[in-house]
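Q: I've just opened this one and would like a guided look. Please start with any side chain you like.

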Amino acid sequence: MTERLLHVDSVTVRFGGLVALDNVSVDIARGTIHAVIGPNGAGKSTLLNVVTGLYRASEGDVTFEEESLSGRAPHLITRQGIARTFQNTELFGEMTALDNVVVALDSRYACNGISAALHDGRWRASEAEARGEARELLALVGLSEDQDSAAAALPFGKQRRLEIARALATQPKLLLLDEPAAGLRAAEIEALNRVLLDLRTNHGLTILVIDHVMALVMAISDRISVLNFGRKIAEGVPEEVRASPEVIEAYLGKKAAHAFSA
Amino acid sequence: MAGRALIVAIAVAAFFIAPHALAEFHLFQICLVAGTALVVLGLIVVTGFAGQISLAQAAFVALGGYGSAILAARWGIPLWAGVPIVSIGAFVVGFVLGQMTLRVSGHYLALVTLAVTAIVQIALIYSDNVTGGAAGMPVPAFEIFGLTLSTGGQLYYVIVPATAMLFLAVHHLNHSHYGRALAAIRQSETAAELMGLNVLRYKAAAFGASGFLGAFGGGLLAPLSTYLDPAQFGITQSVYFLAVAVVGGMMSPLGALVGSIVFVLLPDFLQAFQTYLGLVFALLLLGFIVLRPEGLAGLRLPKGIVAALPRLGGERR
């Protein structure tokens, strides 16, 4: 049994009368790629928002490295080692690709205010160091050529990878990806798959990915959880999930499920 | 680098030649421009860089003017020490006010900061034993190294270098992680937060900086005008500073300087229209909001001039 990094413990989220997540428990093992799939409105993004502290769970708890995250501010959860990307990309559009990454490095490299006001030697050293690391991160996701382009001017596939580089800059142990493959072409999905597998295998990162693009999820996930209407309906390795009648029903409807099982 | 050194040399030479070449009245106007620019610079930090609307700037100016004058009149603390002390106090007040941004934003933040200006003005009027009430109070002379500076030509040697240094500091901070963080917060607060930035603290610091610069500007303008009257520090004055920032340009420190030059010098050119001055300013503001939201500092200069002005405009993001 591998060590669990993130433990979502019977989390329920209600918005007024609507139950977005209903008593959901998920364990993410360290060093794995774990996918959460499900139809639109199944509560996938809500799950990410609870983990990152943007939403508060109505019931239940989330622990990270066996420490409870409930009630903690989002920026503190990030510093704890959880980073994320966004479904519709939330880049700092007017800033260059490089600066987008440097912003995320600042909480580690930033010097004091007086050095910054004077632009003295210490400031120049910290700035150069941060820029150097930002360039390395851009290279890791294949964006070295684009470091001086405004983030908003990049094509969508590159914006996605820039978001990953920016998330990596916070030095996460757990990377959360919200539909990273939505709107990408097949070749772009393959490039993304390679980046994600490289991060897991060579950089020891744990990744929680939310998506419904099967080409991505089935190819790279070690384990898959399936949500439907806020409930977890299945969990297992990709082959198990693919064969599960509940999953086929959720995705394709009851009749199809009967057809498959027949 | 050589170009930069040349510009600094020219600026220093101009600074020492100006008092001999210009009339007392013009030096007074330069001081007025510099003080106003400092106040508006604070507004540019909080509203332009951090994206938080503030109408509290007149209150900070009042704090700087009255605060340093009272320190000098009651406790004998000279203005050269009193102005920085009061400005640091205003930073703290601004920082606390900035905590408000956790709960309110947009129109509501405008209203809250407007209320701060109104409250400070009323407090000045009703604390007549310290502030002189509605009648106002005289400002003690600016004394430093045994010299007494009272005219524009004399205060010039204090106001202009102080303003230049604070402008440089703000320019540098804007091109450090502080400026980057504020730009990030302005563009996506959620993303900034999830990159580990303490968003509330940065916004509060921006409000603190607006308080510091407003009070510093107010503290320097007070001995120039020699008299403080609570009527100078009302809501209209806050709107006036906002208008200067909009016309000058919100996104660069240069905007504060350009806007202040326009608003200080324009009345002299329009002496014939003195009655309609408010209307002229209002039309100017409206025109810029509709036609040139990036202000005068956002105008594109010809390429040759831009190349000769390394890192002055400071428009990186």
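**Salt bridges, interface and rings**

A: Take A:Arg185, which is exposed at a relative accessible area of 56%. Exposed means over 50%, buried under 20%, and partly exposed in between, with a 1.4 Å probe and protein chains only.

Q: Before we go on, what kind of model is this?
A: It's a predicted model, where local features need pLDDT of at least 70 and side-chain atom pairs count only at pLDDT 80 or more, while totals for chains, interfaces and linings use all residues. Residues are numbered from 1 along each chain as its sequence is written, chains are lettered from A and ligands numbered from 1 in the order in which they are written, and side-chain values use heavy atoms, with hydrogens and water left out.

Q: Good. Which side chain does A:Arg185 meet in a salt bridge?
A: That would be A:Glu188, at 3.5 Å from N to O. The rule asks for a side-chain nitrogen of Lys or Arg within 4 Å of a carboxyl oxygen of Asp or Glu. A:Glu188 is partly exposed, at 22% relative accessibility.

Q: Which residues do salt bridges with shared partners join into one network?
A: A:Asp99, A:Asp106, A:Glu127, A:Arg131 and B:Arg180. One pair inside that set is A:Asp99 with A:Arg131, whose side chains meet in a salt bridge at 3.2 Å, N to O.

Q: How many residues apart are A:Asp99 and A:Arg131?
A: They sit 32 residues apart, with A:Asp99 in helix H3 of chain A and A:Arg131 in helix H5 of chain A, so the pair links distant parts of the chain. Helices here are DSSP runs of H or I with at least four residues, strands are E runs of at least two, and both are numbered from the N terminus.

Q: Is A:Asp99 buried or exposed?
A: Buried, with a relative accessibility of 4%. A:Arg131 also counts as buried, at 17%.

Q: Switching to the interface: how many residues does the contact take from chain A and from chain B?
A: Chain A gives 32 and chain B gives 26, with contact meaning heavy atoms within 4.5 Å. The area buried between the chains is about 2500 Å², and carbon and sulfur atoms give 59% of it. That is the accessible area (1.4 Å probe) lost when two parts are put together, summed over both.

Q: And which three residues supply 20% of the area that chain A buries against chain B?
A: A:His75, A:Phe92 and A:Glu94, more than any other three residues. A:Glu94 also meets B:Arg186 in a salt bridge, at 3.4 Å from N to O.

Q: How many residue pairs are in polar contact between chain A and chain B?
A: There are 10, both residues of a pair being at pLDDT 80 or more. A polar contact is a pair of N or O atoms within 3.5 Å; within protein, one must be able to donate a hydrogen and the other to accept it, and residues adjacent in sequence count only if both atoms are side-chain atoms.

Q: Which helices of chain A each supply at least two residues of the side that touches chain B?
A: Helices H2 (74–80), H3 (97–109), H4 (113–118) and H5 (121–140). H3(A) gives the most to that side, with 6 residues.

Q: Last topic, rings. How many aromatic pairs over all chains?
A: The search finds 13. Rings of Phe, Tyr and Trp (its six-membered ring) pair if their centres lie within 6.5 Å, and planes under 30 degrees apart are stacked, over 60 edge-to-face and the rest tilted. B:Phe15 and B:Tyr156 have ring centres 5.0 Å apart and planes at 10 degrees, so they are stacked. B:Phe15 is in helix H1 (residues 2–21) of chain B and B:Tyr156 in helix H7 (residues 152–174) of chain B, 141 residues apart. Both B:Phe15 and B:Tyr156 are buried.
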